[in-house]
Amino acid sequence: MKKDHSKKIWIVDFGSQYTQLITRKTRELGYSSEIITLELCKERFNNEAYPHCLVLSGGPQSVFLDDHDYSFIFDQVDLPILGICYGMQLMGKYFGGVVEKGLIGEYGQAEIHFEKVFQISNCPNQMSVWMSHSDHVSVVPKDFEVIMRSSNQLVASIKHNHRPILGLQFHPEVEHSKHGKTILDYFYKDIAELNQDWNPQEMLDESIELVKKVGDKKVLCAFSGGVDSLVAATLAHKVLGENLHCFFVDNGLLRIQDYHHIKRLQEHTYLKIEVIDARHEFFLALSGVNDPEMKRKIIGKKFIEVFENKVNEFQDKFKIHFEYLLQGTLYPDVIESISPHIAGGKSVTIKSHHNVGGLPERMKLKLLEPLRFLFKDEVREMGLALGLNREWVFRHPFPGPGLGVRIVGQVTEEAIRMVQESDQILYEELLEAKLYQSTWQAFTVFLPIKTVGVKGDGRAYENVICLRMVNSSDGMTANWSHFPHEFLEVVSRRITNEVLGITRVVYDITSKPPGTIEWE
């Protein structure tokens, strides 16, 4: 069997919302991996390119409605295979077991235990895991044995007696599965017999090689100043030098801290960053628009229009020609944007991403995305390795549409002022209390409702600001941050005293799910 050495582990995505967590946990364990579609997997196998091991993800569909032929996978007798949830059900069905539609179903936290004397090092005999399934393997195929069951006595894990194949009905990749990483490591190390090959230096070397392919061509960067674009631009500059040009579009929807940040980068890095003042154009385009998705589209479209005009003007003035567009696209952006094409289109796109797809075809730019196989935490590690200030690398995430999605309803200059000023107060107090790194993301939201208040001796009828602070490892799930009441009191008092037009501050304590992190 000829091995493809680009990534040792291929993760076939059947549409699970947790698939990207499999590769995250896999890389944390020190193994290189990539997420691919079923169609791409088949194409590679047909070209006699194989991974060192294969992981079959979970998915929303039922094996009873799946008519794909999986023999091209399971007929590879020496190929280590891990099936998770839906992947285990496919495995059970293919090898002659019985998969039944569940009458009970298991969703959320569940208890499982090892059968007989089987044990995995550093795993207790009984543990709590995350389940999300209705169908289940009721009769185990020939040559397989049950190694784990749930408290409902449903089959939780199966293992082949002779081949390197393991099935898990639960999701070891999510944080809720205690010892999930240990179980994944058991498969990679003991069953697949892999050696670790993924580390920060490997990430950096791989990304640099991508940039080197550009040669001496001119590269354009739509620079946001966020962690992703900063690391991508710094990495590219290391290779390209003066051939990299960064343009920062000021759409008027930025935080006060963002303006300070861009100025610092202009003064203290080697990057050439030109600021384009387009505030008036964005305000005009957003006038009277209330729908959040419409706002996103308008902001994205206007950004492209402003950026394209500036690039054309720059090229004409200096008689140069750009051939590449540098973007800080990350792996989660790529995965979520291609999700409708995974497993025959059975999964659902979570949301469109502003930095996947890029500029219009008429600009004839090739994409340069050196971070497209990395996650946010890996990008931060790379930023530190490149010598960037820790403060810059660990800034909180900021959405592409900016404050446009932190103003519920119509975007007005007055609403922008109130959310900017309140956000700056929250930012300052987080730094003062040394709590900035205690939360993954913190911001304020302008709510278009008025409530009665008292200012001085008079009645006030003014607006509401909502504080939103959450903790998360990846943005897919999040819990609200539990901050001291004294801290919240100081923030609330400053906002109501210092931000004209605000008489009430509330704190959003909704987790994700069921809520999202941003309000729009």
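With a relative accessibility of 7%, Lys 7 counts as buried, because the limit for a buried residue is under 20%. The model described here is a predicted one. Lys 7 belongs to the segment that precedes strand E1 (9-12). Its side chain forms a polar contact of 3.1 Å with the side chain of Glu 206. When neighbours within four places in sequence are left aside, the residues in contact with Lys 7 are Ser 32, Ser 33, Glu 34, Trp 198 and Glu 206.

Helix H1, which spans residues 19-28, is mostly covered, with nine of its 10 residues buried. The buried positions of H1 are Thr 19, Gln 20, Leu 21, Ile 22, Thr 23, Arg 24, Lys 25, Thr 26 and Arg 27.

The largest nonpolar core of the model comprises 46 residues. Within this core, the residues with the most contacts are Leu 220, Leu 253, Leu 430, Met 469, Phe 487 and Ile 495. Helix H14 (residues 413-432) supplies eight residues, the largest share of the core. For Met 469, the contacts beyond four places in sequence include Leu 426, Leu 430, Phe 483, Phe 487, Leu 488 and Tyr 507. Thr 439, Gln 441, Asn 479 and Ser 481 are also among the residues in contact with Met 469.

Helix H14 also packs against helix H8 (residues 256-268), their axes coming within 8 Å and crossing at roughly 70°. H8 and H14 are therefore roughly perpendicular to each other, because angles of 65 to 115 degrees are classed in this way. On the H8 side the contact is made by Ile 256, Gln 257 and Tyr 259, and on the H14 side by Gln 420, Glu 421, Asp 423, Gln 424 and Tyr 427. By class, three residues of this contact are nonpolar, three are polar and two are charged.

A further helix pair is formed by H6 (residues 200-212) and H12 (residues 376-385), whose axes come within 10 Å and cross at roughly 85°. H6 and H12 are therefore also roughly perpendicular to each other. Helix H6 contributes Pro 200, Met 203, Leu 204 and Ser 207 to the contact, while H12 contributes Glu 378, Glu 381 and Met 382. The residues of the contact of H6 with H12 comprise four nonpolar, one polar and two charged.

Several backbone features were also identified. The peptide bond from Lys 512 to Pro 513 is cis, with omega near -15°. Pro 513 is located in the segment after strand E20 (502-507). Pro 513 is in turn joined to Pro 514 by a cis peptide bond, for which omega is about 10°. Pro 514 is likewise found in the segment after E20.

Positive phi values also occur in residues other than glycine. His 179 has a phi near 65° and is placed in the loop between strand E11 (165-168) and helix H5 (180-191). The relative accessible area of His 179 is 33%, so this residue is partly exposed. Lys 319 has a phi near 55° and occupies the loop between helix H10 (292-318) and strand E15 (322-326). At 71% relative accessibility, Lys 319 counts as exposed, because the limit for that class is over 50%.

Conventions
Residues numbered from 1 in each chain as written. Predicted model: local features only at pLDDT ≥ 70, side-chain atom pairs only at ≥ 80, totals over all residues. Heavy atoms only, no water. Helix = DSSP H or I, 4+ residues; strand = E, 2+ residues; numbered from the N terminus. Buried < 20%, exposed > 50% of the residue type's maximum accessible area, 1.4 Å probe, protein only. Polar contact = N/O pair within 3.5 Å; in protein donor to acceptor, adjacent residues only side chain to side chain. Contact = heavy atoms within 4.5 Å. Core = buried A, V, L, I, M, F, W, Y, C linked by side-chain atoms within 4.5 Å. Axes fitted to C-alpha atoms, helices over the stretch in contact; angles between N-to-C directions. Parallel < 35°, antiparallel > 145°, perpendicular 65-115°, else oblique. Nonpolar A, V, L, I, M, F, W, Y, C, P; charged D, E, K, R; others polar.
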